Amino acid sequence: MATVVELRGVHKSFERRLRSATFAGLLRDALRPRRETVTALRGIDLDVEEGEIMAYAGPNGAGKSTTIKLLAGLLAPDAGTVRALGADPVRDRVRYVGRIGVVFGQRTELWWDHPVSATFGWRRTVWGIPDDVYERSLAFARDLLGLDPFWNASARELSLGQRMRADLALALVGEPRILFLDEPTIGLDALVKQEVLDAIRTLNRERAMTVMITSHDMPDLEQLRARIVLLNAGSIAFDGSFDELRRRLGDRRRLVLETDSAAAPALPGTTHLGSEGGRHEYAFDALATPIPQLLAAAAARARLLDVETHRAPIEDVVADLYRDWRGD
Amino acid sequence: MAVETLRLFGLGARMNAIRILRTREQAIVATLTDFIWHSGALLAPVLVAVRFGHIGPWPAVAVVFMLAYGAAVSSLMDALGDSPWRLSYYIGRGQLDHFLVQPQPLWRTLLTDGFTPFDFWPVLTMGIVLMAWSAGQLHVAASPAWLGLLALNLVASIVVQTAFLYAWGCIAFWAPRGAEAISSAASRLVGDLSFPLDPVPRALRVVLVTFVPSGLLSWLPARALLRVAGGGGLDVWLTPVAAVVLGAIALTLFRLGLRRDRRTGSWRYVEHGHRR
């Protein structure tokens, strides 16, 4: 498979002015402005192969959006090289952006006072999309994202979910080779989120489209069965599959015991998360504390009425990881 | 290049028509309101000129020509869209990003985006009719050369105003977080004048045709084209020359700012404590 995105030693930092809230501080800042440098990316190397879904995650300020902006041709790196589809996104911007699709979850490309259909016509002209490609890709996107019910409605009349579906469909018109999605599921309800994720999976499966997606929503990303790259403070802290990530962090599980007593039995190798009546929940690492050993210990300490074990939600796993990174 | 630009102007016209014709009532009300608003703005100086027969060395009819010229410039500026008036907002709010993900050169996007030909035609029509009428009353020989100079000056006045607004708006590249309203402040500084500048003290007149070039949007070109109040001769080239100079300054500032923007990005959409 060909490499479609290649970042080598990419470094990016921003300067931020520090401001005071006191009058004396304001005067001092006016005379001698104070600045600090925020490093968004610290020499990262990253390859994305054609036809891959790559999830890009990390805590706030980790450098996710900066990377997407570098790849969308909106920012130039301070050091290192950024190549995508064989082009330099900044130097070859006009030629390059015609071959990618970009969706920023918090912004819309739709014309606000116009019917949704008008924005698609606008894109066809501005992007110079040939008629046959336009008709084919539009039919596919309309069907995939179910645009027909609001095709002729004004963008300002759409719900957030409809707007996101329209924005995603818009990015697909012209058949881009790479789709960059920055927080595409933010603020969406469960159903619409599912539809958007299904659409991304279908695009990747049926069109072999390369998708690079940032999100804070780990279960969403895990659903995509994507390769996950975790950023921390501008560096890549993990690059692999979700299964590998779970293994790396231990096989974190939950144990729920139902007993005839409101007092939670003390179980070695677990953390008691809480109790409700006779129902007690524990967190444990199944690699360090095997389940049979734990159940034997529980049976010896309490009269068990029911037992459940399940994997810890991925967001808990990642939250623990973020806490470790932050040094909590 | 020209064909592609015209294609995008055509697209702008189509989007403008779609917006205007959302409802019949809106189309009628918007057109009428625009016409009444601009007519009202012209009325006061015309009434003064008619009452006294002149304003300083300007006969009443010449004042009408100057105001009609200003109305034509103003309507053509409106037709060319929002970017001169809203550049600092585009920069400060990260909207340039939307333009940069379009596969078009940025100059073409800024020139054609927001083209609104159906919003401005009533005022432009009024401006052209009044210019023709007043030039006739003043017995101006409307030769092809004179009409060419008129067109050149109209374009130059538009470039002057656009360049002035761009030069100010570019400041937002260096201070985007608190500077979104710079363009609004700049647009209040420069606008077409309602009265001839001849009675104004010379020092102020110089300021009004250089640093705050309101005088180049109607007064100086009309004075030169009509040869009133001592105008004429080489004066007719002053506005085009100013357009070239101001245009070069604005272009340089914009390029410097854009280069910086590629390094810093828009603070609006980065994750370090700014508002999203």
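How many bridges join strand 10 of chain A to strand 12 of chain A? There are seven, linking residues 252-259 to residues 279-285, and the two strands run antiparallel. Helices (H or I, at least four residues) and strands (E, at least two) are DSSP runs, numbered from the N terminus. This is a predicted model, in which local features need pLDDT of at least 70, side-chain atom pairs count only at pLDDT 80 or more, and totals for chains, interfaces and linings use all residues. Residues are numbered from 1 along each chain as its sequence is written, while chains are lettered from A and ligands numbered from 1 in the order in which they are written.

Let's stay with strand 12 of chain A, where A:Arg279 stands opposite A:Glu258. The surrounding open sheet has four strands in the order 11-12-10-13 (chain A), paired antiparallel; two strands pair if DSSP finds at least two bridges between them. Its edge strands are strand 11 (270-276) and strand 13 (304-311) of chain A, each pairing on one side only. Across strands 10, 11, 12 and 13 of chain A lies helix 10 (residues 291-301), at about 155° to strand 13. Such angles run from 0 to 180 degrees between N-to-C directions, with axes fitted to C-alpha atoms, for helices over the stretch in contact (C-beta atoms, placed from the backbone, within 7 Å).

Now to another open sheet: six strands of chain A in the order 5-6-7-3-8-9, with mixed pairing. Strand 5 (100-104) and strand 9 (235-240) of chain A each have a single partner strand, so one side of each is left without a neighbour in the sheet. Strand 3 (residues 53-57) and strand 7 (residues 210-214) of chain A run parallel, joined by four bridges, and A:Tyr56 has A:Thr214 as its bridge partner.

Notes: Two residues are in contact if their C-beta atoms, placed from the backbone, lie within 7 Å.
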